[in-house]
Amino acid sequence: MHFYLRLYLTALRARAEYRVDFLVGVLTATSMQLAAFAFFWIVTSHAPGLGGWSSGEVLALFGLTAMVLGLSEGLLNGIWWLPWYVIDGQLDRLLVYPVKSLVFVLLSRPELHSLGNFTAGAVTFGVAWSMMAAPTWALVLVPLWVVCGAVIYTAALVMIGSVLLKASGPWNTPMLSIHHLLNAARYPASVYPRWLNVLILFVLPFGAAIFFPVSFLRGDGSLFVALAAPPVAAAASAIAAFFVWELALRGYQSTGS
Amino acid sequence: MSTALPVPSASQLLSGFGALAFRTAESKLTYRLATVLSLIASGFAYCVYLLVWLAVYRENPNPGPIGRGAMTAYLVVAFMVNAILTLSLEFRFIQRVRMGLVGIDLLRPLGFLPFQMAQGVGDALVNLVFVVPIFGVGLFFVGGSLMPPTAGAAVLGAVSLLLGFVVNFGVSYLIVQASFVLQSGYGVIFTRAALHQIFSGLAAPLVMFPDGLRAAATFLPFRHVVETPVRFWLGMAGPSEAPLLLAEQAAWAVSLLFLGELVFRSVMRRHQVQGG
């Protein structure tokens, strides 16, 4: 554990060397959140609510989603670089280290622009909270939901990344599908068709850490589900991701770089 | 002793431009799986816009001047226009800056701007090839409302799409200049993507925007990349609006290219090529 902490802090220090990159990255992440917020503004200027949810409640989904994204980017972002690790031959070297390869990959490349996403999410969630009649004590549950959401999101990225081990190329576009799926959690599940609900609530269960908690906060979901579903979904996703990763490594062929 | 290279003739430049566009298309087709996956990913993201709008129409059947059917057609065609005009210029350029290959690009007899534009044409041609089947799928699900109502609308849509390409290229060319200065252009690329996402009319026609956002959009070039061609194609903008809209598009196209060249010359005075 101590080793992984040092690895992460070293990677973080390396990223912090590029101060202009950091500043531009934070601005960029914030502008992407603003772009999403602009669409929300357009939509809510025509309808008071969506799928039975008020604009404040939808805003809570926005905030929680952005915090989940920010935490994953800040702690476990290395998976996005997997295609390049394969092409450069860095993964070959890593596989002979006496470490857990997946944990090493995940911690190897934190993105400091995650701060922009996380802060934008926290501010949005705070504004949304003030618009809802949620119980104040429920605030202590927010970190649990965000951590669980980040684990589920990263696990989904790992599973897609494992597929990319078989089809290496200088691109990570399939991972963008997972990113877009997470962004789908910004709007109530009732807006989407049944197949998409099944996908984001049970198959790649981002919804478990986003929809269920906000449902509870708006008063139509149970506390038990808001408390139990996120950790269960996170644990199941993490186990599945480790299993798929190990399976993919068994058939891994180096690019010879 | 040095020998001056002969200045290429106009026909040589034109054939060089065509050859570069063709080679860019060929190289992009090498990564066709990546292009298809990228289209699927952005198509999925776009489905969210569509589904959210359908929810808006369920909540409020008359949310503005555009009905549900027209909005669906608009969103589907906007996705396709955006897919055609998505250029890989900036990412390709950043890679070449980092590897020090941009030094070769600066020496090409074609000139830096035409060199970049030829690559943009290659990108757009490949995108067009992939978008045609998507249009067929769209026709199957949405029906004839995706087709232009008259031959004139089709012609205006096509002309506007060409001008939209130049406007989009002009913005990309400015981003390329920013990458010269910053060495890493990811920040400006994604900031531009955010602005494009908001103001191009990709998520909704400007007429559905709140007043403040619409006012901002009218002062920016992005709407002429997606919204203007789509409105012409679907007959939402008629021939009476055509002269003004096309003139605005052309003015943005020329201004952006001119500004890009000005910035390029100023950047070249201080640029140092990386050693790779």
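The model is predicted: local features need pLDDT of at least 70, side-chain atom pairs count only at pLDDT 80 or more, and totals for chains, interfaces and linings use all residues. Residues are numbered from 1 along each chain as its sequence is written, and chains are lettered from A and ligands numbered from 1 in the order in which they are written.

**Helix pairs**

Two packed helices are described by the angle between their axes and the distance between the axes. Helices (H or I, at least four residues) and strands (E, at least two) are DSSP runs, numbered from the N terminus. Axes are lines fitted to C-alpha atoms, for helices over the stretch in contact, and angles run from 0 to 180 degrees between N-to-C directions.

| Helix pair | Residues | Angle | Axis distance |
|---|---|---|---|
| H8(A) and H11(A) | 142-164 and 206-217 | roughly 150° | within 7 Å |
| H7(B) and H8(B) | 151-182 and 186-199 | about 155° | 9 Å |

In chain A, the axes of H8(A) and H11(A) cross at roughly 150°. That crossing makes H8(A) roughly antiparallel to H11(A) (angles under 35 degrees count as roughly parallel, over 145 as roughly antiparallel, 65 to 115 as roughly perpendicular and the rest as oblique). From H8(A), the residues A:Trp145, A:Cys148, A:Gly149, A:Ile152 and A:Tyr153 meet A:Phe206, A:Ala208, A:Ala209, A:Ile210 and A:Pro213 of H11(A); two residues are in contact if their C-beta atoms, placed from the backbone, lie within 7 Å. The residues of this contact comprise nine nonpolar, one polar and no charged. Here Ala, Val, Leu, Ile, Met, Phe, Trp, Tyr, Cys and Pro count as nonpolar, Asp, Glu, Lys and Arg as charged, and the others, Gly among them, as polar.

B:Val171, B:Ile175, B:Ala178 and B:Leu182 of H7(B) meet B:Val188, B:Ile189 and B:Arg192 of H8(B). By class, this contact has six nonpolar, no polar and one charged residues.

**Contact between the chains**

Chain A contributes 32 residues to the contact and chain B contributes 30 residues. On the side of chain A, helix H2 (19-44), strand S1 (49-50) and helix H9 (173-184) each supply at least two residues. H2(A) gives the most, with 14 residues. This side of chain A has 19 nonpolar, 12 polar and one charged residues.

Leaving aside residues up to four places away in sequence, A:Phe206 touches residues including A:Ile152, A:Leu181 and A:Ile200.

A:Ile210, in helix H11 of chain A, is buried, with 32 other C-beta atoms within 10 Å (20 or more count as buried, 12 or fewer as exposed, and in between as partly exposed). Beyond its neighbours within four places in sequence, A:Ile210 contacts A:Leu61, A:Leu64, A:Thr65, A:Val68, A:Gly149 and A:Ala185.

B:Ala253 lies in helix H11 (residues 242-268) of chain B and counts as buried, with 21 C-beta neighbours inside 10 Å.
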